[in-house]
Amino acid sequence: MPQTKRNLGINPEISPRDEMLCGNRDYYFLVGQSALHCVDTALQAAGRDRSEVQTILDLPCGHGRVMRYLRAAFPHAEMTACDLLSDGVDFCATTFGASRLYSREKVEDIPLPPGSFDLVWVGSLFTHLSAELWSRWLLLFHKSLRPAGVLIFSFHGRDAYHRATNKLLNYGLADPDLSEILTRFRADGFGYADYPHANSFGISFARPDWVFRQIAATDFRIIHFAEKQWADHHDICAVMK
């Protein structure tokens, strides 16, 4: 039987502004718990123990759907909450004792201190980025990690492609945009389209082979990959500096 939020010892407070709740509290907590499972699996692959993790970055933190589990699992770690959503950052700081770090529209302007984090959790950021932004974010995270630090990030992979192809989810896109993503995914391994009325923020699908090529262009070492590992939907990749 999976552990519940109660016997994991997490803080169950949810912000009234948390759009991730969507009226389903059980699923909300299961997503957070699933993220912690991804983190533990990545640390095991890296040969690192929870006790070795002293500094953690959660970006984008939202209103703490995952951070509440990170705080319970790493009670003595210094935690940093970063997001464009300032209200979410403030909630994480007040509720989970995280340091505030307000994100910026331009990747290079985000004031992440270099060489500062043992662990970086990136849930559902790369799922919204163009190919050009993938490389810029990977570089930023590489700079922000300590030696032997671990980055864990999620992305839409083949499962998302099949959901969209079978019209189970449209991912907030009009049919022509979604069709273009699927075409590019089949041809190149990567497809992206902006949300309606948005600029440089939308939905991306990435095949594992395309993701591995992006990582190969960095100094990261791949330590773990699993399809549908986060909440039975997002693929997870973990890399080590």
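In general, a disulfide is a covalent bond between the sulfur atoms of two cysteines. Here a disulfide is taken as a pair of cysteine sulfur atoms within 2.5 Å, and the structure holds 0 of them.

A word on the model itself. It is a predicted one, so local features need pLDDT of at least 70 and side-chain atom pairs count only at pLDDT 80 or more, while totals for chains, interfaces and linings use all residues. Residues are numbered from 1 along each chain as its sequence is written, and side-chain values use heavy atoms, with hydrogens and water left out.

Next come the helices. Two packed helices are described by the angle between their axes and the distance between the axes. Helices (H or I, at least four residues) and strands (E, at least two) are DSSP runs, numbered from the N terminus. Helix 4 (residues 131-144) packs against helix 7 (residues 208-216) at an angle of about 45 degrees, and their axes are 10 Å apart. Axes here are lines fitted to C-alpha atoms, for helices over the stretch in contact, and angles run from 0 to 180 degrees between N-to-C directions. Helix 4 and helix 7 are therefore oblique to each other; angles under 35 degrees count as roughly parallel, over 145 as roughly antiparallel, 65 to 115 as roughly perpendicular and the rest as oblique. Helix 4 passes helix 7 in a right-handed crossing (left-handed if the near helix is turned anticlockwise from the far one by less than a right angle, right-handed if clockwise). Helix 4 brings Ala131, Trp134 and Leu138 to this contact, and helix 7 brings Trp210, Val211 and Gln214, where contact means heavy atoms within 4.5 Å. By class, the residues of the contact of helix 4 with helix 7 come out as 5 nonpolar, 1 polar and no charged. For this count, Ala, Val, Leu, Ile, Met, Phe, Trp, Tyr, Cys and Pro are nonpolar, Asp, Glu, Lys and Arg are charged, and the others, Gly among them, are polar.

Helix 5 and helix 6 make another packed pair, at an angle of about 135 degrees and with axes 11 Å apart. They are therefore oblique to each other, and helix 5 passes helix 6 in a left-handed crossing. Arg158, Tyr161, Ala164 and Thr165 of helix 5 meet Leu178, Leu182, Phe185 and Arg186 of helix 6. The contact of helix 5 with helix 6 has 5 nonpolar, 1 polar and 2 charged residues. Within helix 5 (residues 158-165), the buried residues are Asp159, Ala160, Tyr161 and Ala164. These buried residues pack against helix 6 (175-188), strand 7 (202-206) and strand 8 (221-230). Just after helix 5, Lys167 takes a positive phi of about 60 degrees.

That leads on to the backbone. Most residues other than glycine have a negative phi, and most peptide bonds are trans. His197 has a positive phi, near 65 degrees. His197 lies in the loop between strand 6 (190-194) and strand 7 and is exposed, with a relative accessible area of 88%. Ala231 is not a glycine either, yet its phi is positive at about 55 degrees. Ala231 is placed in the loop between strand 8 and strand 9 (234-240), and at 22% relative accessibility it is partly exposed. Among the residues that touch Ala231 is Ser34, which belongs to helix 1 (residues 25-46) and is buried at 14% relative accessibility. Ser34 also touches Gln229 and Trp230, not counting residues up to four places away in sequence. As for peptide bonds, a cis one joins Leu59 and Pro60, with omega about 0 degrees. Pro60 is found in the loop between strand 1 (55-58) and helix 2 (67-73).

Conventions: Buried means under 20% relative accessible area, exposed over 50%, partly exposed in between (1.4 Å probe, protein chains only).
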